[in-house]
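Here is a quick tour for anyone meeting this structure for the first time. Have a look around before reading on.

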Amino acid sequence: MAIICTTTTTSPAEKEHEPKQDLENDQTLPLVFNPSLLNLQSQIPNQFIWPDEEKPSIDIPELNVPFIDLSSQDTTLEVSRLIAEACTKHGFFLVVNHGVSESLISEAHRFTERFFDMPLAGKQKAQRKTGESSGYASSFTGRFSNKLPWKETLSFRFFNEKSGSRTVQDYFSDTLGQEFEQFGKVYQDYCEAMSSLSLQIMELLGLSLGVNREYFRGFFEKNDSIMRLNHYPPCQTPDLTLGTGPHCDPSSLTILHQDHVNGLQVFVDNQWRSILPNPKAFVVNIGDTFMALSNGMFKSCLHRAVVNRESARKSMAFFLCPKKDKVVKPPNEILEKMTPRRYPDFTWPMFLEFTQKHYRADVNTLDSFSNWVITNNNPI
């Protein structure tokens, strides 16, 4: 991958390998994260260089996260105990024997690679518009001017409706053309599998919180979720930048599948720790919206992604989100044993708008949003 940057100075030797256009002297051109030109530059632009205190750590220890076996029905109490222990500390655990077809996972990864291998112009047919959560984004160059992530993404919405809605399949055909119909079919099936898996996990989260196991399942039954494909290309200077900056997910639950390349890190006990790739497992973590639903009992933890010099890294993230009209507030069973309320009532569209238009997600996103809701007296 590569970058065209109008402010970067270039040596004569490097100029021999650059495109014919005199981009360096054209101060009107915007910063572009262009995968096809990555190897043409020896240095990365300053916009991708992170402050010293946020630069990636080297040789960090592995995070000890529990393996939750969904195939075992005889250990529900033990599973709920392990989940509660993990979610009160950092909110991350691994799910195995999840029932999702290995061939479907493999096919979804294969189409992820095919999409990001396309020329930039082809990917830009799905260009993400400012303030929207769906579409192709090349390092968020249109949103931010510094601390840019070394990645590109494709995001699209998924609606879990009983009417047989094919929103994902339609998105690919309508946005990228009929030749992408097979992409849409694969990701439609993948999102449906992720939605089903997330509802199983919601039952266990309810038990872990002392809530009826059907409560959160019912809350998310008809979800309005987001699927995101991530591509982190190799970087010339991986010690200077990040694939994804430190943040907490604003959604309710994230189900992530990584390829074979290490890169996910979680901040626990004032130290960054890694979660190594496991092709048999999904990485699951609590998001800010579910932290609000639990009144802060379960944690949405700070995490990030790092890059390397040799290998591209790809991952697929399903962000479970409630329907637009669902009011996010803890169930009575939680409030009866944990008061006062830590967060105001809100809906997912309110929170999503806040993160897309007013705030760059970090460790304080939920608290900042809560203050914004109270200060602006936003009605539900």
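## The big picture

First things first: this is a predicted model. The mean pLDDT of the protein chain is 88, with 89% of its residues reaching 70 or more.

The protein chain holds eleven helices and 16 strands. Of its 380 residues, 56% are buried. If you take the contacts with a separation of 6 or more, 77% of them join residues 24 or more positions apart. The accessible surface comes to about 17,000 Å², and carbon and sulfur atoms account for 48% of it.

In soluble globular proteins, nonpolar side chains tend to be buried together. Here, the largest nonpolar core has 89 residues. Which of them touch the most other members? They are L154, F156, F172, Y187, L205 and F290. Helix α6 (residues 181–208) gives the most to this core, with 13 residues. Apart from that core lies another, of 13 residues, including L31, F33, I44 and A305.

Back to α6, then. Of its 28 residues, 20 are buried, so α6 is largely enclosed by the rest of the structure.

Leaving out residues up to four places away in sequence, F156 touches S134, V168, Y171, F172, Y187, C191, S225, I226, M227 and L229.

Now for α11 (residues 365–376), which has twelve residues. From its first C-alpha to its last, α11 reaches 16 Å, close to the 16 Å expected at 1.5 Å a residue. Which of its residues are buried? T365, L366, F369, S370 and V373 are. They cover an arc of only 130 degrees around the axis, which puts them on the same side of α11.

The buried residues, meanwhile, pack against α8 (288–293), β16 (346–347) and α10 (348–358). Just after the helix, N377 takes a positive phi of about 50 degrees.

## Two residues worth a visit

T167 is found in helix α5 (residues 167–176). Is T167 buried or exposed? Its relative accessibility is 18%, so T167 counts as buried, the cut-off being under 20%. Not counting residues up to four places away in sequence, T167 touches R157, F158, F159 and Q188.

D249 sits in the loop between β8 (244–247) and β9 (253–258). D249 is buried as well, with a relative accessible area of 4%. Setting aside neighbours within four places in sequence, D249 is in contact with T254, N285, G287, D288, S300, H303 and F319. D249 and A361 are 112 residues apart along the chain, and their C-alpha atoms are separated by 7.5 Å.

Technical notes. Residues are numbered from 1 along each chain as its sequence is written. This is a predicted model: local features need pLDDT of at least 70, side-chain atom pairs count only at pLDDT 80 or more; totals for chains, interfaces and linings use all residues. Side-chain values use heavy atoms; hydrogens and water are left out. Helices (H or I, at least four residues) and strands (E, at least two) are DSSP runs, numbered from the N terminus. The expected span of a helix is 1.5 Å times one less than its number of residues. Buried means under 20% relative accessible area, exposed over 50%, partly exposed in between (1.4 Å probe, protein chains only). The arc is that of the directions from the helix axis to the C-beta atoms. Contact means heavy atoms within 4.5 Å. A nonpolar core is a set of buried Ala, Val, Leu, Ile, Met, Phe, Trp, Tyr and Cys residues joined through side-chain atoms within 4.5 Å. Accessible areas come from the Shrake-Rupley method with a 1.4 Å probe; for residues, only the protein chains shown count as cover. pLDDT is the predictor's confidence in each residue, from 0 to 100.
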